[in-house]
Amino acid sequence: MARSLGGFLVLIFLVSICDAASVFQPISDSHRSAASELFSPVDGSFGSLEETYEALRTFEVLGVEKKPDVSTASCALVSKTLESSSSTLKDLFFALKVNGILKCKTNEKAFEDIISRLKAAVNDAHSLLDFHYSIGSLVLIKEQTLKTDLHLADAEGVFRSIKALSQSDGRWRYSSSNPDSSAFAAGNALQTLAGVISLASSEIDQSMIGTLKNDVLKLFDGIEKYDNGAFYFDEKLIDAPENQGPLSTTSSVVRGVTAFAAVTDGSLNLPGDKILGLAKFFLGIGIPGDAKDFFNQIDSLGCLEKNRVAIPLILSLPSTVLSLTKKDSLKVRVNTVLGSGAPPLIVKLVEVFSSNSKDESLIDSQELKFNPETGVYILNDLPKSIDVGRYTFAFEIVLHESGPEKVYATGSQTKIPIFVTGFIKIENAEIAVLDSDLGSIETQKKLDLAGNSVVSLSANHLQKLRLSFQLTTPRGRAFKPHQVLLKLRHESKVEHIFVVASSGKQLELALDFLGLVEKFFYLSGRYDIELSVGDAVMENSLLRALGHIELDLPEPPEKAPRPPPQPIDPYSRYGPKAEITHIFRAPEKRPPRELSLTFLGLTILPLLGFLIGLLRLGVNLKNFPTKAVPALFAILFHVGIGAVLLLYVLFWLKLDLFTTLKGLGLLGVFLLFVGHRILSHLAAASSKLKSA
């Protein structure tokens, strides 16, 4: 289910990309740079043989010169796989694929053993994948060893066994026990049958080949299409365990069709627009971020680059934006999907449609001139009927007479959106204050919208403000921009935006202040005037401060609407705060030094009295225990007393109250324990003396 969901998400991703893109570009250096990033070896290896083949095949198709050297580790893995009798058919298949690119030194005897094993696997095969890997491996051995006598004993029987898995819609089943059909499996089946044809000792029955060609046509009848002309294959059964996404499915079909066409005589009669649409699908993806998807894209384009069905030609434009001011020329390139040169041909600009009118072409068909030095088809001067705006250019490719060895797919017409830009001339710009009743002009001033001049106006609620100007294209036609806005900003930061409408060749806006007093919240005072004119095809779009107007509005009534609260500036909320300056209070006045020393002496007097008292009482150590254990507790008890006294001294000098209490608690528990033991000993000794 997770795999099905992943395929569904890939489909959504591809739909979004292909619907958005309508200008397709051949493979470029960006793909080569991406290949070096996506396929990066670790410890001299890309990992498995399948991953190694995908990386090497991608580099081969793109013609990457500076690629990592993995031949040592990869060839060692290839030799180990080919010489091992426990290697799976899939491992043998990809080992031979890698060997075909790296040209590793392999043991010829190993090939003989592998051939026998593969032929036995073909005879015992029960699924499409078993046929695919075993027959594909035999084809690779035939190509790499030039064994002309390598054939299948019963090629037609194998052909019928594989053909029995086909369905009426051109799709294939993976096995006879699996009723679900797949377009991805159809691609594998076509590759496998192409291998059977190449390994056959005699010609396969042409009726079977004809039936298979009809299956290919049926498969293409179910192809999906995007609006931009891209074609792709997708699985019908999303919940099937073998379900693949549209990219891998389409890639499998392309490999199968091109492989089958390479080994059969005659044409498959596939429509050229569908072959071109498949190329557009792969090119429209851009650069995938997944290595597997990137390989499927590049490998499929490599198959389309050299195939016997039809080689797609891609028409592209270096730029889809043309400037009338700079007198840009229309330039067109025609290349294959990998960027190679096209055969001799003619490029015509047959139709041009405006975004406003898509029914009638603005031009007659014109042929573009070919520059052999740059390989570009050029139309130097755009027709006079094309002015600034958005257009759809329709191109047609006409091939010169060529030999029958190559067939090209050009499609009927290639439609590309084009933006034609230019410098828009601003004329007759003026701003005026009018009387509401009579419409007479009280104040009128010319505006230089290209300069920096500003105006100063004044009005009351019984007057109007009128702004008008004209916009002219380089062809002399009236221009209606996409966005023309007039903004009035009160000194209290309350803003009002008005759309300037077009009237014929002129853009005009009239503000009746009498009807706007409530909208202006009865706020009198200064209003800054700002004009913005913008369009994607206007090279001189502007955002211009025109000046200000002093408005005198009536006093608001009691229930008049109030201005909305203005948004708080996020910089003032989350920006740096003002520095806090803290002034500590002055220290209190201390007593004189002499008084402090006198007080210290008085605090020491009790200690001296205690010592003198001990001497007068005749303190001695006669009762100090003589046995080892009681003596130890007695020593520890006196040490604990000394530690308490030392703790008091430290508290006086440097410790705080909480630290002192914590230490005193620990010492108190210690003294309680050792004191109890020594006192118990003294009590026991005293009782013995009394009893004696």
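Modeller: Two strands are taken to pair if DSSP finds at least two bridges between them. The model discussed here is predicted.

Biologist: In the open sheet of five strands with antiparallel pairing, what is the strand order?
Modeller: Strands of a sheet pair through backbone hydrogen bonds, either parallel or antiparallel. In this open sheet of five strands the pairing is antiparallel, and the order is S16-S15-S18-S22-S21.

Biologist: Which are the edge strands of that sheet, and what is the average twist from one strand to the next?
Modeller: An edge strand here pairs on one side only, as do strand S16 (441-446) and strand S21 (501-503). From one strand to the next, the twist averages 25 degrees.

Biologist: Which residue of S22 is the bridge partner of Gln470?
Modeller: Strand S18 (residues 463-472) and strand S22 (residues 506-512) run antiparallel and are joined by seven bridges. In S22, the partner of Gln470 is Gln506.

Biologist: Why is one side of S6 and of S9 left without a neighbour in the sheet?
Modeller: These strands belong to an open sheet of five strands with mixed pairing, in the order S6-S14-S12-S8-S9. Strand S6 (321-323) and strand S9 (366-367) each have a single partner strand, so one side of each lacks a neighbour because both stand at the edges.

Biologist: Is H10 roughly parallel or antiparallel to H11?
Modeller: The axes of helix H10 (residues 206-221) and helix H11 (residues 246-263) come within 12 Å and cross at roughly 150 degrees. Angles over 145 degrees count as roughly antiparallel. Therefore H10 is, relative to H11, roughly antiparallel.

Biologist: Is the disulfide of Cys75 and Cys104 left-handed or right-handed?
Modeller: The whole structure contains one disulfide, formed by Cys75 and Cys104 with their sulfur atoms 2.0 Å apart. The torsion about their S-S bond is about -75 degrees, so the disulfide is left-handed.

Biologist: How many residues apart are Cys75 and Cys104?
Modeller: Cys75 is in helix H4 (residues 71-83), whereas Cys104 is in the loop between helix H5 (89-102) and helix H6 (108-124). The pair links distant parts of the chain, and the separation is 29 residues.

Notes
Residues are numbered from 1 along each chain as its sequence is written. This is a predicted model: local features need pLDDT of at least 70, side-chain atom pairs count only at pLDDT 80 or more; totals for chains, interfaces and linings use all residues. Side-chain values use heavy atoms; hydrogens and water are left out. Axes are lines fitted to C-alpha atoms, for helices over the stretch in contact, and angles run from 0 to 180 degrees between N-to-C directions. Helices (H or I, at least four residues) and strands (E, at least two) are DSSP runs, numbered from the N terminus. Angles under 35 degrees count as roughly parallel, over 145 as roughly antiparallel, 65 to 115 as roughly perpendicular and the rest as oblique. A disulfide is a pair of cysteine sulfur atoms within 2.5 Å.
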